[in-house]
Amino acid sequence: MSELLEQLSESVSAAQTVEELTRPLLEMLEAVTGLESTYLTSIDEAKGVQHVLYARNSSAMQIPEGLTVPWNDTLCKRALEEGRTFTDDVPACWGDSQAARELGIRTYVSKPVRMGNGALYGTLCAASTHSRPRTPQAERILTLFAYLIGQQVEREQLIQKLLSANEQLAAAAATDQLTGLPNRRALMEALERLLAQGPRQQMGVQIAFIDLDGFKAVNDTHGHDVGDQFLVAIAQRLQGVLRAEDMAARLGGDEFVVVSLSPHTGDAARAAQDALCARITHALQGHFELPGAAFDYAGASVGVVTIPPDQPHQIADALRVADQTMYRVKLARRHANEALEQARTGGRSALLSAAAGRAGGAAAAAAKTLQQPHGRPPAPWAGIIGVHHPQVPMASSPCRVLAVIPPMTQLNTPYPSTAYLTGFLRSRGITAFQEDLALALVLRLLSPEGLKAVVAKVDALPPKKQSPAVQSFAAQQDRYLSTIGPAIAFLQGRDSTLAHRIAGRHYLPEGPRFATLDVYVDDEGGDPLGWAFGALGLHDKAKHIATLYLNDLADVLRDAVDERFEFVRYAESLAGSQPTFDPLADALAAPPTLVDDLLAQLTHEAIERHQPTVVLLSVPFPGSVYAAFRIAQAIKARWPHIATVLGGGFVNTELRELADPRVFDHVDYVTLDAGERPLLALLEHLQGQRGRQRLVRTFVRGDDGAVQYINMMEADVAFAEVGTPTWDGLPLDRYLSLLDMLNPMHRLWSDGRWNKLTVAHGCYWKKCSFCDVSLDYISRYEGASAEVLADRIEQIVRETGQTGFHFVDEAAPPKALKALSTELIARNAGISWWGNVRFEKTFTPDLAELMADSGCIAISGGLEVASDRLLTLMKKGVSVDQVARVTRAFTDAGILVHAYLMYGFPTQTVQDTVDALEYVRQLFANGCIQSGFFHRFACTVHSPVGKNPEEYGVTLAPLPPGDFAKNDVAFIDPTGVDHDALGGALKKAIYNYMHGIGLEEDVRSWFPFKVPKTTVQRNRIERALRERG
């Protein structure tokens, strides 16, 4: 039996078709039943026939493949109607069957093969001329085989349907539904083929970009139906004048493109360009008789370029150059029309003459080398020839871009968004700078001068309105004024000797925040912080005390200066999942606080220092939105000509349906997702090199005052080509190394300055049901080679002098980490690094050792609910046992392991929660993890749970109406579990586990109420570790 099962397993796994599956099954069926003929049939009840598809005959009786017989005379039909699957006496049962008599069948077994919906496909049969007994094993095998064949048949039919549907969809997907021309997708594919074909044939690729001038007026005057008819007529005229080798496509809206192979040098290239431009120009102008209207049309703007075969090229870049050429034509036509109109109404003849000279000869304009848009490297396009009107005046001054980190983000290290954008822009030849106004604001506030201003605010508060933090500050203000400078210098690493005085707790004034130290108790009468810090030492103890000191001051700022102030979540309630802009609008209209005034002052200083034409405001979190708008407000009040652009993580997740025009009272543009491509398009627009309707993933306020989302589809800049982030311009020696939480991994976040870098863009797994898998920052996965990453690392180390790196990926790919680790070791890079991964089995002990040798000091990853049932529901792709083995491999390699843990996931019960805590206890006890943190599950509108809640057994609460932010969404879980009550116990337990306390206790002891006993065996993780490998 075991041999049969092994053979069956091999057959099923190897089979790609019904035939490949059926033939070995027929052989096995013969061995099990002892019947010499086994066969599979299909049945066409509509035609009344049965067809033998595949047969195996090992003796005299022959049932031939391909045999077709009338259905009504078959043993199979009789067996089905009578419900008889076996007989060892066919003559007695069905003596009237002529076929059975002729073949001499005595024993017969049959099982219907049905589809998933119960429909009859055919039969699986076996027959013999001898009498053979029936065995239960044979009947079970026959049933199983019939089921497997039915599944395979259904799979094949589904594949055929999908292939057919895909062919239809491919045709539809490549065709513009209105005009019948190839669409943008088909154009891109054609361009890719031509760009590859050109070098082989030594031909250039000719691209004509066509924009229908005045199309909006056609729509406005005659209506959108006539506008559609006009587009169809344009397409027909285009097709009528093109050669067989030319391809015309509708790019979108009123834009068309014609592509073909063409000569690429000298007179032949110019003649080909002139001819194409003339054909298109003449065809598209003149009188149009449409079903709904008739009018004369002055024609389109046409820009033609030829890409030589020996030049590097990207499709999007090729189209962009053609677009820019067309745009120059459009501007020249516009200037000419304006000049003619002015001359007609009495303008000076000289102006008419000059304008006519600028605009003349569109079809036969002399070909000349295309001028490069500012900021792009000239080499790749140096040989492109373009035909267009003579150059018209453009924006003459180059762009100067200032990227700003608004308050509040991190204080120990720069948030990386501006470093990435600045490095990218500089790699494209664009002048770019960056400023961290979050750090600058904190240092300005937490200075002797800043605290003196705070003292004035405190003195103005009536005693009854002074909180305990304010009262403590007022009583010790002289000590705060005298210690703030040295304390900041200590946290910046500029005066480490101060640690002795700070740790002695007689130097810094202590406010309410120091009450947290009272929880540390040493039963033997020693230092109450000794058990918490232990071997961490004096310096860390002083750093923690200094951090509490700063937190006291933050409370004072909140209670006496700005009620929204926090070091991290600054005014986040004004923006986070806020459906309406009203709270932000009200806050921005209110009189500025001391914090607002200082931020405006810092903004003015930055603008005067760098003189930008564009300011980028990167807002990764809701806690940096208010300050970003205050910065924009300060800029607009004094420098209204500066373009302000809002982007970043908050925008990407929460403002995807932005519709409130008041946002644009403060900023000019809002961009979505990866910023490189939208930013390049915007800068080209601001320099007059592309129209506003050709922006990429950008919100603007339209001429009618409504918010408009513009997205001309262009490929994103590849991750391997975004360049190396730069920290040039940021005060790296002024960041504060804080020690807020005694969680080993969390201290890495706040303690020390880390160079932040990504191994890849997006997530290679992108299946987890709690993640925003539908958004670009997860869904678009792109990597770079280990050599490119190592080059970036070396460049950053040279620039910053810092060798610590935090890889900030959603989940760094194991394959990429293996290659990078190998490359770092080969280069003897000497860095320290940490990052986030999925605890998948690819992380073997050997790979963990390799990563440690390359400098890996810590790894974090999601264990989430520590329940195999819920991990499967989450589509996490890991099991608890697997996580145990992987994390232990990291630990054995000397790498700190932190587990991200979750509670409150849909359908999570109290039992699930208790079991999860037991798993976590065992992971700590067995040395698998050293750090962890429980967070409450939050459902977002972009996650699989938010998009398909019924699959997770929950119902979403209705979202409030609004036109601003949208992200978190409440849900109704039928379990009715009080997860908040459970969460307190979970956090208390894990805090103690991190310090080696309570690891032998029953997990129920952490809950202040009765919970069920865990169902997890106490040695479950230990057993999983023994079984690894």
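**Exercise 1.** In this predicted model, determine which residues F905 touches, leaving aside those up to four places away in sequence.

*Solution.* Setting aside those sequence neighbours, the contacts of F905 are S769, F770, V865, L870, L873, M874, F937, V945, Y952 and D973.

**Exercise 2.** Work out which salt bridges R690 forms with E684 and E714, and state whether R690 is buried or exposed.

*Solution.* Begin with E684, where the closest N and O atoms of the salt bridge with R690 are 3.0 Å apart. Continue with E714, whose salt bridge with R690 has its closest N and O atoms 2.9 Å apart. E714 lies in the loop between strand 21 (707-710) and helix 26 (744-750), while R690 lies in the loop between helix 25 (676-686) and strand 20 (698-701), so this pair ties together parts that are 24 residues apart in sequence. For burial, the cut-off is under 20% relative accessible area; R690 at 1% therefore counts as buried, as does E684 at 5%, and E714 at 12% is likewise buried.

Terms used
Residues numbered from 1 in each chain as written. Predicted model: local features only at pLDDT ≥ 70, side-chain atom pairs only at ≥ 80, totals over all residues. Heavy atoms only, no water. Contact = heavy atoms within 4.5 Å. Salt bridge = Lys/Arg side-chain N within 4 Å of Asp/Glu carboxyl O. Buried < 20%, exposed > 50% of the residue type's maximum accessible area, 1.4 Å probe, protein only. Helix = DSSP H or I, 4+ residues; strand = E, 2+ residues; numbered from the N terminus.
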